[in-house]
Amino acid sequence: MAPPRHRRPGFSRRAQYSLFVTYLLAIAGAIVGGVLLLISIADPTGFAALRAGAAEVTAPVARGFHALRRSIADIGENTSAYFDAASQNAELKRQVAANRTKLIEADALRAENAQLKTLLNLQKELGDQVVTTGNLVSSTASSSRRIAILSAGSNAGVAVGYPVRAARGLIGRVIETSPNTAKVLLLSDAENVIPVIRVPDGLPALASGLGDGTILIRPVDLGINNFKRGQLVATSGSGGLYPPNIPFATIVRKTSDGALARPIASPASSEHVMVLRPYQEAAKKVLDETLKALPESGADE
Amino acid sequence: MNQLLATGRKLLGPSREYESRIDREQSPARMLLVPILSVMAGSMATSTLPLVAGSPLLPPFGLLILLAWRLMRPGMWPAWIGLPLGLFDDLYNGQPFGSSALVWSLCMIAIELLDLRGVWRDYMRDWLIASVLIMLALLAGLGISGLAQPAPEVRIILPQIVVSILFYPLAVRLCARLDGWRLAT
């Protein structure tokens, strides 16, 4: 667009003056507006009558839109909120993350509480079979051996060969001790062979770890392989090392010569464990006591 | 298509088909009043539209149309037109009375000063000028209402500024249509 030409109205004095007056009027108009503004600020109700009259003109039209108005009443807030949506979003995300951490902490505390309570009950039941209790503090995560470190050692009476169980089930057995720690060979280690029975019917089997967290269950009677997913396996007590009837594993999948199972007590989820005396030792003690109580019976034979 | 237009013309009543096509006079009243009435209608629109916004959101339609006319047709209005139209706008805008009169007058003076530069302007530059003026006008409105009562934060009117700047091209379109109609013979 070309610059407007009315800037120079020619040589006519009249035209020039009238243009000049126009500018003066414009400036005067601004001043008038300012004065009115000052008056209305000093006396806010001064122009109320004027405005009320003006509002009366548009009110009927506006009233007609009443229903529509309600539905879009807070469009302003929504639009304003849109502008700090990013920062609000970040803030909320931070809150959610903090809350999630707290929730997880609370859940973990609850689970730990339940574990400890179960352990307490078990300890009452098991009585003198329990050597000590401790925590699984770490494990050989990068090695192919499945060995966990227990926080109790020979100072607490832990010795090589002692079985270790958690509240939910068997964990493994001690293979090394030091004064304050012990190494626990987990069920899933390939070296760990444990005699087990299927729980409802007592089908005997042998369990050996596969090193990847699962256990291979092979029935002693080859040829009978009717394992089903979900069946439970417990220690049988034969061999004299592990006490009988400790929950051991659940069957995950049937294989050609047995079944794959997963330990019930995952070492990862059970921090608090008990070290038990070997079953045979306990049994021998009971036997010894029985023999002591019946000295004549041995003489008779 | 032509048939459709013909039907439309029939429905709309007798057209000017049988009038002379040359040497027609344009209506002076329409020529003078259409711009002014359109600005007044824009001022009234904000209090008529079905919006009870919790925050200022609607653009100042009156100011937009005023700027559109002023930038599209320099010299059509005297420079003092901001005062009467602003006073009318003050009846409806909810600001302290006189704020639009002041701000609109200052806008008109600012555009006069820009016209003194005498450079060529195109649509985008008009939009830029209008954007700056709209922004300053809205900020001034906020400041003025802050003189009378506690004003909200500037952040509140940012959406309104953006919406208003984006509405300016629409106002230009509207004014161009009205311009064509008002100057038609």
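1. From the N terminus on, chain B runs α-α-α-α-α-α-α, with 7 helices and 0 strands, where helices (H or I, at least four residues) and strands (E, at least two) are DSSP runs numbered from the N terminus. The model is a predicted one, in which local features need pLDDT of at least 70 and side-chain atom pairs count only at pLDDT 80 or more, while totals for chains, interfaces and linings use all residues. Residues are numbered from 1 along each chain as its sequence is written, and chains are lettered from A and ligands numbered from 1 in the order in which they are written.

2. Of the 185 residues of chain B, 39% count as buried; a residue is buried if 20 or more other C-beta atoms, placed from the backbone, lie within 10 Å of its own, exposed if 12 or fewer, and partly exposed in between. Among the contacts of chain B with a separation of 6 or more, 70% come from residues 24 or more positions apart, a contact being a pair of residues whose C-beta atoms, placed from the backbone, lie within 7 Å.

3. Within chain B, the axes of H3(B) (61–72) and helix H5 (residues 99–117) come within 11 Å and cross at roughly 20°, the axes being lines fitted to C-alpha atoms over the stretch in contact and the angles running from 0 to 180 degrees between N-to-C directions. That makes H3(B) roughly parallel to H5(B), a term for angles under 35 degrees. The crossing is right-handed, that is, the near helix is turned clockwise from the far one by less than a right angle.

4. On the side of H3(B), this contact is made by B:Leu63, B:Leu66, B:Leu67, B:Arg70 and B:Leu71, and on the side of H5(B) by B:Trp104, B:Cys107, B:Met108 and B:Ile111. By class, these residues divide into 8 nonpolar, no polar and 1 charged, where Ala, Val, Leu, Ile, Met, Phe, Trp, Tyr, Cys and Pro count as nonpolar, Asp, Glu, Lys and Arg as charged, and the others, Gly among them, as polar.

5. The largest nonpolar core has 46 residues, of which B:Ile65, B:Leu67, B:Ala68 and B:Cys107 touch the most other members; such a core is a set of buried Ala, Val, Leu, Ile, Met, Phe, Trp, Tyr and Cys residues joined through C-beta atoms within 7 Å. Helix H1 (13–42) of chain A and several helices of chain B, including H2 (28–48) and H6 (123–148), each supply at least two residues of this core, and H3(B) gives the most, with 9 residues. Neighbours within four places in sequence aside, B:Leu67 is in contact with B:Cys107, B:Ala130 and B:Leu133.

6. Between the chains, the axes of H1(A) and H4(B) come within 9 Å and cross at roughly 25°, which makes H1(A) roughly parallel to H4(B). The residues in contact are A:Ala26, A:Gly29, A:Val32 and A:Gly33 of H1(A) with B:Gly82, B:Leu83 and B:Gly86 of H4(B), and by class they comprise 3 nonpolar, 4 polar and no charged residues.

7. In the loop between H3 and H4 of chain B lies B:Met76, which is partly exposed because 15 other C-beta atoms are within 10 Å. Apart from neighbours within four places in sequence, B:Met76 is in contact with B:Pro35 and B:Trp69, and its C-alpha atom is separated by 9.0 Å from that of B:Leu32, 44 residues apart along the chain.

Note on methods
Two residues are in contact if their C-beta atoms, placed from the backbone, lie within 7 Å. Angles under 35 degrees count as roughly parallel, over 145 as roughly antiparallel, 65 to 115 as roughly perpendicular and the rest as oblique.
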